[in-house]
Amino acid sequence: MTEQHRATPPTTPPTLDALVASWREWMLRRDAVRTADVDELESHLRDRVEALSAAGLDDDEAFLIAVKRLGSVDDLSREYAAEHSGRLWKQLVLDDTVGGFGDGFGSGDERAADASGPPLPFHRRAGGLAIALLLAIGAGLAIKLVELATDNPTTVMRNAAVIVLPFLAIWFAWRRRAPWQALAAVGGAFLVAGLALNLFPFPGSTASGYEVAGETSATAIIALLGSYVGLWIATGVVGAGGDWRSETARMDFIRFSGEWLVYYVLLALVGVALSGLTVGVFSSIQVDVSQFVGQWVLPLGAAGAVVIAAWLVGAKQRVIENIAPVLTKVFTPLFTIMLVALVVAAGMQWNLVDGGRELLIAFDFVLLVVVALLVYSISARDPLRPAGWFERLQLVMLVAALIVDVIVLVAMVARTGEFGWSANKTASLGLNLILLVNLAYAAWLQLGFVRGRVRFGQLERWQTGYLPVYLAWAAILVLAFPPVFDFQ
Amino acid sequence: MRIGKDLVAAAATPVVLGILADGESYGYAILQRISELSGGELAWSDGMLYPLLHRLERLGHVESEWRQAPGGRPRKHYRLSRQGEGVLADQRAQWNVVASVLDQVWPGGPDDRRPRLALGMG
């Protein structure tokens with residue numbers, strides 16, 4: 001019999017190890033079954049195979065019988081689920097095995113929860129929580145030091161990105177060794193942004209009459225927002241290990257940003273609630289801690305949460321479903337209805353044109369939301385699945401957004417003659433055009449995808465390829481706008 | 001003759017605990033022992049033993065430990081805990097009651113059965 005096998009090499013049966021490996025993979029897809037369980041079942045399987053082989057069967061025959069005797073995978077995983085129902089609720093386990101190393105944005109190495117590897121050094125445990133905490137404290141103290149040194153909240157707000165994001169960059173650099181060129185380039189970006197924000201002679205007060213974050217100069221506000229966005233993307237270069245050309249690294253960065261935002265908002269909500277509770281409890285015993293909370297806890301917490309949220313994204317990555325794509329799924333239909341209603345209303349009233357100067361900014365936000373909804377659904381989509389109702393819905397959303405935006409743009413550009421090109425208007429018009437170009441081509445691709453003529457990868461590549469455009473615009477906002485518009 | 005599903009389920013715990021009372025063992029050996037003792041008639045899917053063992057462990061009736069088998073493969077060994085001994089004794093008392101009731105209600109009565117049993121044993 002063995003000689004027959006040798007005579008027909010193409011049909012050589014796979015080795016027992018290969019069979020067991022594919023069986024293991026199959027078993028591990030079940031949520032209720034853990035690695036340790038499969039280890040135990042494998043030990044059983046091999047015992048059974050050995051006994052059957054000893055009785056004269058081939059390994060592969062013995063394997064088939066042994067697997068059959070084990071029982072159907074469905075029944076088995078149902079039994080495991082009944083016994084370990086907690087496993088169906090994925091938990092964030094802070095042992096040494098989750099949130100491993102290798103990737104800046106988190107995807108941990110897949111060390112099994114029960115694998116008995118050598119113990120990790122302390123600073124690597126729990127996905128590097130100790131380091132994350134140190135960096136978070138560092139970020140908080142840095143903010144506080146600048147505030148104490150300058151005694152000017154406006155300066156702190158203006159430099160927030162320059163002060164806090166380096167700590168996030170250090171976190172990324174520690175998680176994933178980036179080449180020194182990338183680190184130098186990102187460091188340079190921080191330096192240039194910091195110099196620009198602080199050396200440009202922004203006036204203390206102007207006649208514009210409005211104020212954001214203590215800033216009264218429009219170009220200062222624009223530069224501040226630009227520095228947040230631009231330095232965030234620059235930090236992403238470190239997180240990508242300097243591999244900023246790679247599409248997958250860019251997509252990971254987009255995913256990371258969405259998850260990070262969700263976590264940051266959650267941390268902020270709970271932080272504010274707990275601070276309020278603390279102040280309330282202390283005031284009930286006639287101790288006023290609101291000063292302390294306001295001056296120390298909130299700024300330190302707000303800065304530290306930047307790093308902690310990044311740590312959380314990495315630590316829970318394999319544990320919980322990504323939430324940003326879930327939110328996308330929920331809100332895409334609702335937002336589409338809103339946009340279609342807006343198109344109808346605009347067509348009937350034709351008075352969008354009379355909107356105030358905030359109209360363009362409002363529409364920047366509308367387009368930003370549309371881009372976010374589109375990008376985050378792309379980020380979580382199985383590339384091989386053909387287009388379905390959701391993709392058609394997205395197409396409707398894109399087309400509606402484009403129609404409304406074109407109406408607004410035509411109206412605003414026609415009226416710039418009356419108002420002239422203020423910094424504010426130019427910045428929002430630029431962003432609007434950038435997003436419009438993105439969405440127009442995205443809609444074109446989406447149409448092709450729905451009709452089955454465009455592969456999904458092209459949609460993805462268009463969005464990841466667009467990231468540098470945002471970075472460039474942010475850089476222009478920080479570096480070029482203030483001098484061009486006389487720092488007004 | 002195959003034993004019905006419900007009866008297997010009811011018997012599984014005392015049988016497993018009883019086998020572990022003889023000394024620690026591991027899944028495959030436990031199944032072999034059951035099959036040996038029942039002449040292959042008390043049987044279920046091999047895999048089902050493990051969730052049962054995990055439940056007994058969670059309840060504290062057995063304790064487990066990973067150990068290296070002679071062949072070098074790791075194996076999870078189970079042994080009866082102090083509490084498990086108590087549970088086994090309790091189960092045994094319960095089954096004795098059931099067995100004695102059944103003995104008395106079988107058609108033909110107990111007298112019909114005893115001689116045959118004695119014959120078999122002799």
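A word on the model comes before the details. It is predicted, so to speak of a local feature takes pLDDT of at least 70 and side-chain atom pairs count only at pLDDT 80 or more, while totals for chains, interfaces and linings use all residues. Residues are numbered from 1 along each chain as its sequence is written, chains are lettered from A and ligands numbered from 1 in the order in which they are written, and side-chain values use heavy atoms, with hydrogens and water left out.

**Where chain A meets chain B**

Chain A puts 21 residues into the contact and chain B puts in 20, with contact meaning heavy atoms within 4.5 Å. About 1,800 Å² is buried between chain A and chain B, and carbon and sulfur atoms give 55% of that; buried area here is the accessible area (1.4 Å probe) that two parts lose on being put together, summed over both. The rule finds four salt bridges across this interface, each being a side-chain nitrogen of Lys or Arg within 4 Å of a carboxyl oxygen of Asp or Glu. Take B:D46 and A:R48, a salt bridge whose closest N and O atoms are 2.8 Å apart.

Which elements of chain A give two or more residues to the side that touches chain B? They are α3 (35–54), α4 (59–70) and α5 (73–83); helices like these are DSSP runs (H or I, at least four residues), numbered from the N terminus. The largest share, 12 residues, comes from α3(A). Sorted by class, this side of chain A has six nonpolar, four polar and 11 charged residues. Charged covers Asp, Glu, Lys and Arg; nonpolar covers Ala, Val, Leu, Ile, Met, Phe, Trp, Tyr, Cys and Pro; the others, Gly among them, are polar.

**A buried arginine**

A:R158 sits in helix α7 (residues 153–175) of chain A. Is A:R158 buried or exposed? At 14% relative accessibility, A:R158 counts as buried; the cut-offs are under 20% relative accessible area for buried, over 50% for exposed, and partly exposed in between (1.4 Å probe, protein chains only). Its side chain reaches the backbone oxygen of A:L197 at 3.3 Å. Leaving aside residues up to four places away in sequence, A:R158 touches A:L197, A:F202, A:E215, A:L224 and A:S227.

**Aromatic pairs**

Over all chains, the count comes to 13 aromatic pairs. Rings of Phe, Tyr and Trp (its six-membered ring) pair if their centres lie within 6.5 Å; planes under 30 degrees apart count as stacked, over 60 as edge-to-face and the rest as tilted. Here are two of the pairs:

| Pair | Type | Centre to centre | Between planes |
|---|---|---|---|
| A:W260 and A:Y264 | stacked | 5.0 Å | 20° |
| A:F481 and A:F485 | tilted | 5.2 Å | 40° |

A:W260 and A:Y264 are about one helical turn apart because they are four residues apart in helix α10 (residues 247–284) of chain A. A:W260 is buried at 11% relative accessibility, and A:F481 is buried too, at 6% relative accessible area. One aromatic cluster is formed by A:F172, A:W232, A:F253, A:F256, A:W260 and A:Y264.

**Two loop residues with positive phi**

A:D151 is not a glycine, yet has a positive phi of about 55°. A:D151 lies in the loop between α6 (129–150) and α7 of chain A and is exposed, with a relative accessible area of 65%. A:Q286, also a residue other than glycine, has a positive phi near 60°. A:Q286 is in the loop between α10 and α11 (290–315) of chain A and is exposed at 71% relative accessible area.

Key: A polar contact is a pair of N or O atoms within 3.5 Å; within protein, one must be able to donate a hydrogen and the other to accept it, and residues adjacent in sequence count only if both atoms are side-chain atoms.
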